[in-house]
Amino acid sequence: MPTLTSDQLRSWDRDGFLVLRSVFSRSEVDSYLAEVDQLVQNRAHEAGETTVDVLLQPDNSQRMLLRDATEADLAYPYKVNDLFISFAPCRRLALDPRLRGTLDTLISGSAVIINSLSLRMGSQQAMHCDTFYMPPPATDKMVVASICLEDQVSQAGPLVYYAGSHRIPPYRFSHGEIHAVPEEMPQALGYVHSSLDAAGLEPASFVGNAGDVFIWHSQLFHGGMPIEDPDRTRKTLVVHYWRREDMQPDQVLEDPETGGFIMNRGHPPV
C-alpha cells in the first residue's frame, strides 16, 4: 500500500490537492472504458436504475434513466451517476488499494465511496466547493479523486481549481451550516471570490494522462473550464469519499471483491 511522503503531506496541507501520476496502467483504464462502453451500448437491458445527467448546456442538465437515454441524448456531454452502486468495475477502480491507501491517509480513516460521476466530456461545471452539496459528517473528512481514463488536452474543458482555497473558512448559510441554500448561493460565491482576491489566489487547470489521479480536499474551490473543441473528450471517473468512522454502521457496505467500503444507498431519483 503506497505511503505519502512528507513533501506530499505538506503539499496537501498547503494546496489542498495532490497529483498522483500513473496510479493505473493504460491497459487497466482501457479495460475499464471498454466495460463502461459495453454497459452504455447495452443500457436498455443492463443499466438497471442507473441515471444519467445529459448536459444540454453548462449548468443546465436533464436527468433520466440511462436505460431510456437515446443516441441523440448521449450525443451531448453527459455524466453517469453512481456507477459504484451496481457496477463492479467502478468499485474495483475506485477502491483499488493503490489509491485507497492514499485516501485513507488523507482523511485518517477508511474511505467510503458516497458518490461517483462518470464523465465522457468536460463537466463545464460552475465553480464550487463540494461541501455545498455533500458536506461530510465530520469537518474536512471528505476527499475527491478524479481518475483520468485517457490522455487529456486543454481544449477538452479541463478541471480548474484554486490552490490553497481549502484554507478559506467555509461560508455559513442562514441555517448556520455549510451545505447550500440555493437562494443564498450568490452571497456564498461572492464571499469565496472576495476571499480568493484577498489571499491573492489564482486559478490553475489540470490536464492529466491516462492513469493519473487528481485528489482534492472537500473545500477546494473548483469547476470545469469551457469545452473549446467539442470533438475532444475528457473521459474521467470522479469519486467522492467520506470516512467510515464518521458514519452509522447501517450506512456502510463492504465490497467483498476489494475489501473497501461503499455507502449503502440507492440510485438518485429521476
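Let me begin with N60, which is in contact with V54 and L55 once its neighbours within four places in sequence are left aside; contact means heavy atoms within 4.5 Å. N60 is found in strand β3, where strands (E, at least two residues) and helices (H or I, at least four) are DSSP runs numbered from the N terminus. With a relative accessible area of 33%, N60 is partly exposed. The scale here is buried for under 20% relative accessible area, exposed for over 50%, and partly exposed in between, with a 1.4 Å probe and protein chains only. The C-alpha atoms of N60 and H222 are separated by 18 Å, and the two residues are 162 apart along the chain.

A word on the source. This is a predicted model, in which local features need pLDDT of at least 70 and side-chain atom pairs count only at pLDDT 80 or more, while totals for chains, interfaces and linings use all residues. Residues are numbered from 1 along each chain as its sequence is written, and side-chain values use heavy atoms, with hydrogens and water left out.

I turn to strand β6, residues 143-148. Because 6 of its 6 residues are buried, β6 is largely enclosed by the rest of the structure. V143, A145 and I147 point one way from the strand, and V144, S146 and C148 point the other way. Two strands count as paired if DSSP finds at least two bridges between them. β6 pairs in the antiparallel sense with strand β9, residues 213-217, over 5 bridges, and V144 has W216 as its bridge partner there. The pairing of β6 with strand β11, residues 236-243, is also antiparallel, over 6 bridges; in β11, L237 stands opposite I147.

Next, the interior. A nonpolar core is a set of buried Ala, Val, Leu, Ile, Met, Phe, Trp, Tyr and Cys residues joined through side-chain atoms within 4.5 Å. The largest has 45 residues, and Y32, L99, V213, I215 and Y241 have the most contacts inside it. Helix α2, residues 26-41, gives the most to this core, with 6 residues. Beyond four places in sequence, V213 touches residues including L18, F24, L99, A145 and I147. Another core, of 14 residues, lies apart from it, and Y162, V181, L196 and L201 are among its members.

What space lies in the largest pocket? About 670 Å³. A pocket is found on a 1 Å grid over the protein atoms alone, as an open set of points where a 1.4 Å probe fits, with protein on both sides within 12 Å along at least five of seven lines; lining residues have an atom within 4 Å of a point. The volume is the space filled by probe spheres set on the points, which are joined across faces, edges and corners. Of the 35 lining residues, K79, L117, S123, Q125 and H128 are the closest to the centre. By class, the lining has 14 nonpolar, 13 polar and 8 charged residues, where Ala, Val, Leu, Ile, Met, Phe, Trp, Tyr, Cys and Pro count as nonpolar, Asp, Glu, Lys and Arg as charged, and the others as polar.

The second largest pocket holds about 310 Å³ of space. Its lining has 18 residues, with V36, D37, V40, Y78 and R120 nearest the centre. α2 gives the most to this lining, with 6 residues.
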